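Below are some notes on the model, for reading beside the coordinates. They are set out as numbered points, each on one topic.

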Amino acid sequence: MMTRGSRFGLALGGGAVLGAAHIGVLQALDEAGVEITHLAGTSMGALVASLYACGLSGKEIEAVAGELRWPDITAFVPSKLGLLSMDRMEATLRRHMGSTRMEDLRFPLALITADIATGEKVVLREGDLATAATASACVPGLFIPVEREGRLLVDGGILENLPLSPLRKWGTERIVAVDVHMGRRFHRPRNLQEILSNALDMALAHQARERISDVDILITPDTTSWSRGQMEDIPALVREGYRVAREELSS
């Protein structure tokens with residue numbers, strides 16, 4: 001059980017829209033008075049983590065997410081490297097983050113990305129926050145990679161979807177991890193889209209399970225009922241994240 005004044009490192013994994021469940025988890029942590037001292041995020045987890053590190057509460061992040069629609073954060077820009085531009089996403093983040101640099105945040109933050117040109121995992125801890133968060137959420141093939149310091153950066157989930165390595169490197173004494181894939185239940189696929197969805201969920205859940213041996217508290221919202229691409233599902237996903245986090249905090 002976590003009590004008011006507890007100090008933890010928090011890892012928020014990727015999951016596209018399913019990652020809205022992280023917002024509900026943050027709301028439960030806020031209510032419990034849990035003090036996050038180190039934070040790591042991948043993909044959607046990176047977006048939520050970045051807003052939280054800037055000082056927004058779980059409730060305030062929910063309000064930001066509730067206003068988002070795909071046309072507001074993406075634009076079709078034909079390119080040899082992707083179909084959609086991340087420029088609108090970065091502009092949306094910048095409205096809330098300004099020109100904040102990662103090294104100036106209230107606690108250490110690490111965002112996981114991948115260099116699509118070299119295959120390397122790139123953990124961002126310094127520099128412009130909005131650009132870093134955008135890069136971590138840049139799904140390869142769909143979005144044009146984010147160029148930063150000579151690297152072509154994409155969604156870090158392809159290498160480390162549940163971002164535990166930065167917290168271990170920092171020597172964080174206790175770790176809370178939130179993964180939105182391990183709690184999903186599978187059903188017999190009815191079409192190619194569902195086959196691909198099941199395959200992705202299985203791969204990401206397996207990747208996470210192999211990394212959680214030293215996690216103190218693992219929060220796995222049941223995201224089975226929702227799609228990773230439907231923003232209309234955000235309020236329900238926030239509620240599910242809040243529900244399961246409250247249960248874990250009181251157990």
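**Notes on the predicted model**

1. Cys 138 is buried, with a relative accessible area of 0%. Buried here stands for under 20% relative accessible area, exposed for over 50%, and partly exposed for what lies in between, with a 1.4 Å probe and protein chains only. Cys 54, by contrast, is partly exposed at 26%.

2. This is a predicted model, in which local features need pLDDT of at least 70 and side-chain atom pairs count only at pLDDT 80 or more, while totals for chains, interfaces and linings use all residues. Residues are numbered from 1 along each chain as its sequence is written, and side-chain values use heavy atoms, with hydrogens and water left out.

3. How many disulfides does the structure hold? The number is 0, where a disulfide is a pair of cysteine sulfur atoms within 2.5 Å. Cys 54 is in no disulfide, and its nearest cysteine sulfur is that of Cys 138, 20 Å away. Seen from Cys 138, the closest cysteine sulfur is in Cys 54, and the 20 Å between them is too far for a bond.

4. Strand S1 (residues 7–12) is mostly covered, with 5 of its 6 residues buried. Strands and helices are DSSP runs numbered from the N terminus: E and at least two residues for strands, H or I and at least four residues for helices. S1 runs parallel to strand S2 (residues 35–42), joined to S2 by 6 bridges; two strands pair if DSSP finds at least two bridges between them. Leu 12 has Gly 41 in S2 as its bridge partner. From S1 the chain passes through helix H1 (residues 21–32) to S2, a right-handed β-α-β crossover. Right-handed means that, with the strands pointing away from the viewer, the path from the first strand over the helix to the second runs clockwise.

5. S1 also pairs with strand S9 (residues 175–178), in the parallel sense and over 4 bridges. In this pairing Gly 9 stands opposite Ile 175 of S9.

6. Two loop residues have backbone angles worth checking. Most residues other than glycine have a negative phi. Ala 16, not a glycine, has a positive phi of about 55 degrees. Ala 16 lies in the loop between S1 and H1 and is partly exposed at 34%. Ser 43 has a positive phi near 55 degrees and lies in the loop between S2 and helix H2 (44–53). Is Ser 43 buried or exposed? At 6% relative accessibility, Ser 43 counts as buried.

7. Strand S8 (residues 151–155) has antiparallel pairings. Strand S5 (residues 109–115) pairs with S8 over 3 bridges in the antiparallel sense, and Thr 113 stands opposite Asp 155. Strand S7 (residues 146–148) is also joined to S8 by 3 bridges and runs antiparallel, with Val 146 opposite Leu 153. S7 and S8 form a hairpin with 2 residues between them, and Glu 149 in the turn has a positive phi of about 50 degrees.

8. Phe 76, Leu 83, Val 139 and Leu 142 make a nonpolar surface patch of about 370 Å². Patch residues have over 30% relative accessible area and no salt bridge, and nonpolar side chains (Val, Leu, Ile, Met, Phe, Trp, Tyr) are joined within 5 Å, like charges within 9 Å. A salt bridge is a Lys or Arg side-chain nitrogen within 4 Å of an Asp or Glu carboxyl oxygen. Phe 76 belongs to strand S3 (residues 75–79) and counts as exposed because its relative accessibility is 61%.

Conventions:
Areas by Shrake-Rupley, 256 points an atom, 1.4 Å probe, with all protein chains shown as cover.
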